[in-house]
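I am keeping these entries as I look through the structure piece by piece, and I write down what I looked up and what I found.

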Amino acid sequence: MILGIFKSRAWYRYSSEPLAVFGLGLLFVIVFLAVLAPVLTPYPNHAGRFVDFGNTSRPPSLQHWFGTDLVGRDVLTRVVYGYRISLVIGFVVLGLAAPLGVTLGLVAGYMGGRFDTVIMRITDVFLAIPALVLAMAVLGVLERTLINGLLALAVLWWPWYTRMVYNQTRALRHEEFVVAARVVGASHLHILFREILPNLLPSVLTKFTLDLGFVILVASALSFLGLGVEPPTPDLGSMVAEGATYQPDMWWLPVFPGLAILLVVLAFNLVGDGLRSMFGEGR
Amino acid sequence: MNADPILTVEDLHLRIRQFEGEAHILNGVSLHLGAGERVALVGESGCGKSSTALIAMGLMNGGNMSIDGRVTLEGTDLLGLGERGWRNVRGRQISMVFQDPGAALNPVFTVGDQLVTAIRRGDPGTSRAEAHERAAEALRHVHIVDAERVLASYPFQLSGGLNQRILITMALVNRPRVVVADEPGSALDVTVQEQTLRLMKALTDEVGAAVLLITHNLGVVRTFAQRVYVMYSGTIVEEAETARLFEAPRHPYTQALLAAVPRLTGEGLPQPIPGQVPDYTDPPVGCRFQPRCPHARAACGNPPFAEPEPGHRVRCVLDFSG
Amino acid sequence: MTSVAESLVPPAEDPVLIRIEDLRRDFTVGSRTVSALAGVSLDIRRGQTVAVVGESGSGKTTLGNQILGIDRPTSGRILFEGREITATRDTDMRRRIQVVQQSPYTTLNPKRNLRQILELPIAIHSDRSRRQRRDRVAELLEIVGVSADFMERYPYTLSGGQRQRVALARALAPEPDVIVLDEPTSSLDVSVQARILQLLVELQAQYQLTYLFITHDLSVVRNIADEVVVLYRGYVVERGATAELFSNPLHRYNAMLLSSIPVVSEPEEALKPSWEWDGSVVGVEPSVGAACPFLPRCPHAVALCEQGVPPLVAETPTHQHACRNPRSSESAHRE
């Protein structure tokens, strides 16, 4: 059954981009590791409050492939657990931002008039402020907790969905099938969510995938600046930041989490590009 | 028919690999244009007429396509040309008029810029000022009264009819030997289409350019072309002088196509052609029209392109003219 | 077929279904006001096919949108069986006027299958159960000649002709009185067009439908319409029984339109009025103010043409035109 996917038209299109296939493979590995982290990592207890002062700052070895950190925790374990946090951040942030942004964009684009003016001016204001600055401002005011960090990022991200969906909705609302639905007497709700939205889902999904990478990157950047996840939760950005202080002696501290960030962002980007070419060419 | 063909297409095959399998889009298309001759390639959507034109313009390529056969312009093999070789041919010896003038002209440059570029591509020695003067003259020549103002305008500021006129001017400004016109004016109103065709006729006559007119509209064929090729599912099924084709069409497809055209004389509803255009990935063996043909019989097979009367050729085993 | 002689002098059994009174629709473009409809009046009688012909910018689609109720006029009235429907209409009124559009590629939502597409109007306009709706979808598909097995298919798997059939089924679903046909065949190949036209005529007879046929294709109109209305820049310039309007075009614009139709036979060529094609054009046509809208393009204009917009005058009981120097008077002079 599942193998049937590989015979589908969609897969035929997607697989025309070899890099996209590579990205998908990479993503599967990352998700697999993150989900099964407690089973797969050598020292699951190192993900939390664990200290082993007899084993601090060791370079990579057979026991600790990525070495150990300043309090003797296994870096490999913490990198894999870091993926867990990263993925959660990505999905939660976009899970909040995308539906909100999409709905606002749909309403503004389809209803027009006052809805258009109010929603799109607010969107413009948010888009005009540099993203990172906005998030830092939010986190400066609020308490530095994981939840607030997620909210800050979501506030940052929804306007992009609004803008994209708004433009596409404007183009679609005079499309013949929308007019036909109006003539038949369909409600606005039906037209927005049953007629227009399904046509936008491919581009929303593509953007969502690409953005997962960016959100993880920005979340890491915030952590790096000390505005992110609180210790001892393993977070890739914070790990890079901590490690950066001890350069060049303990190179393994920032390099492995840094590489991990690079790989996950790359994977989401490649998959996003693949989706774009899968949805892109016509039907 | 003119003695020396200027453009010839011989046994052209186009195959495209798709998800559904390999589609055999063009199945041995052969045609020729005499110098200064107006020839129409007519057929319904998906018959391969536009693919033929695009191949002749060197505009059809892609990793999933294979093109076989020969296309020659005054003896030069066009299929073997690289992109650089094409640049010397396209716009100089062979040029194209597209269906939608709005899409064919670049919206970010003025009409003047685009015409000047076209002129200097054909004759690199021309200065910008000279080229501009020639452009203005060319527009006045196609009866555009306020030429200087039009040159300074962007395409979207002008009407579709005017843009079509500009496109035709641009296609002919370097006095090419062949113009390929893909449904010229069909995106426009009938009154504008009529004027477009008149203008094309006059200008190509004057320059001595041959025209390959790609169209689905039999009425347009009748007013414009001297000779016609009828295309069905990637094959040429009939070739004749225009008057002869409309008087006495021989191929059952041509006959059916004519019967499907609504008449101004008000004879009632036109006759549909039963069935559907065949699937290119799995076409019928032999005559591709056979499944829809009212005269089909066991003997049909794979008919040759026979010439039952001089200049009138038909790909059908039976002669239905009587 | 009903002749228009009866339609302009209506018998009791052929009443006016839709009456359009002095309909005007202005659009603001920048600082200018453009009238897509500049005062159009029209009666559409039950069971008839009225063709509205004109080129782009003639206002024919705007007129269709007014009748469909998806756009509102600047002034004027639309009456349905004597009831005013200009500003508001209830669900039942919406049911009675349906549409078939031009493009087989955009008229059906690519993300919805045929069952979803056809169930929508059924669900809105009847209280059928889920199962009954499904049966009705199958029935509708059969009516338009598409296999009911296609119910779960998506539009991209259908040919252009099949899609237009489904669009027709969607229009039939609410059991309407009137269908606005907005260029329903102009994107189709002639062989497919012929089949759709046949289907339209069969359905009209079967369900007593009234058609408003909006098109630029006069050859189609000649063979399907009872009455023709020629629009030019928002004005009705000629109107009449089909045969009469084609055999004796009076307005100069109508003559120009007819003369530009590409035809496929000598007898048709002989029917086309002659037209002196003067090749010159200017980039932008000057606005004419209160004059005949066709004045800038008309080679037969006389001084009178600049004095106000010409009103419609009756040449015969079934043929009206708005030309100050109509073609008949000239050919009469010549003869």
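**Entry 1: where chains B and C touch**

I began with the contact between chain B and chain C, which takes 44 residues from chain B and 35 residues from chain C. I note here that the model is a predicted one. I then looked up which elements give two or more residues to the side of chain B that touches chain C, and they are α6 (147–151), α7 (160–172), α8 (190–207), α9 (218–224) and α11 (252–259) of chain B. Of these, α8(B) gives the most to that side, with six residues. Sorting the residues of the side of chain B that touches chain C by kind, I found 21 nonpolar, 15 polar and eight charged.

**Entry 2: where chains C and A touch**

I turned next to the contact between chain C and chain A, to which chain C brings 22 residues and chain A 15 residues. On the side of chain C that touches chain A, the elements giving two or more residues are α3 (91–96), β6 (97–100) and α4 (114–125) of chain C, and α4(C) gives the most, with four residues. The residues of this side of chain C divide into 10 nonpolar, eight polar and four charged.

**Entry 3: a sheet in chain C**

In chain C I followed an open sheet of four strands, whose order is β2-β1-β4-β5 and whose pairing is antiparallel. Because β2 (32–45) and β5 (83–84) of chain C stand at the edges with a single partner strand each, one side of each is left without a neighbour in the sheet. I also checked how β2(C) pairs with strand β1 (residues 16–29) of chain C, and the two run in the antiparallel sense over 11 bridges; one bridge sets I20(C) against L42(C) in β2(C).

In chain B, strand β9 (residues 227–232) and β10(B) pair in the antiparallel sense over six bridges. They form a hairpin with two residues between them, and S233(B) in the turn has a positive phi of about 45 degrees. Strand β10 (residues 235–241) of chain B is mostly covered, since six of its seven residues are buried. Two bridges also join β10(B) to strand β12 (residues 312–314) of chain B, and these two run antiparallel. Which residues stand opposite E239(B)? I found Y229(B) opposite E239(B), and I found R313(B) in β12(B) opposite E239(B) as well.

**Entry 4: helix α9 of chain A**

A straight helix of 37 residues would span 54 Å at 1.5 Å a residue, yet helix α9 (residues 188–224) of chain A spans only 45 Å between its end C-alpha atoms. Looking along α9(A), I found a bend of about 55 degrees at L197(A), with a proline, P198(A), following within four residues. Just after α9(A), G226(A) takes a positive phi of about 85 degrees.

E74(B), which is not a glycine, has a positive phi near 45 degrees, and its place is in the loop between β4 (65–73) and β5 (76–77) of chain B. E183(C) is not a glycine either and has a positive phi of about 50 degrees; its place is in the loop between β7 (178–182) and α7 (190–207) of chain C. Are these residues buried or exposed? E74(B) is partly exposed, because 15 other C-beta atoms lie within 10 Å, whereas E183(C) counts as buried, because there are 20 C-beta neighbours inside 10 Å.

Notes: Residues numbered from 1 in each chain as written. Chains lettered and ligands numbered in written order. Predicted model: local features only at pLDDT ≥ 70, side-chain atom pairs only at ≥ 80, totals over all residues. Expected span 1.5 Å × (residues − 1). Bend = angle between axes of the 7 residues up to and from the residue. Contact = placed C-beta atoms within 7 Å. Nonpolar A, V, L, I, M, F, W, Y, C, P; charged D, E, K, R; others polar. Pairing = 2+ DSSP bridges. Buried ≥ 20, exposed ≤ 12 C-beta atoms within 10 Å, placed from the backbone.
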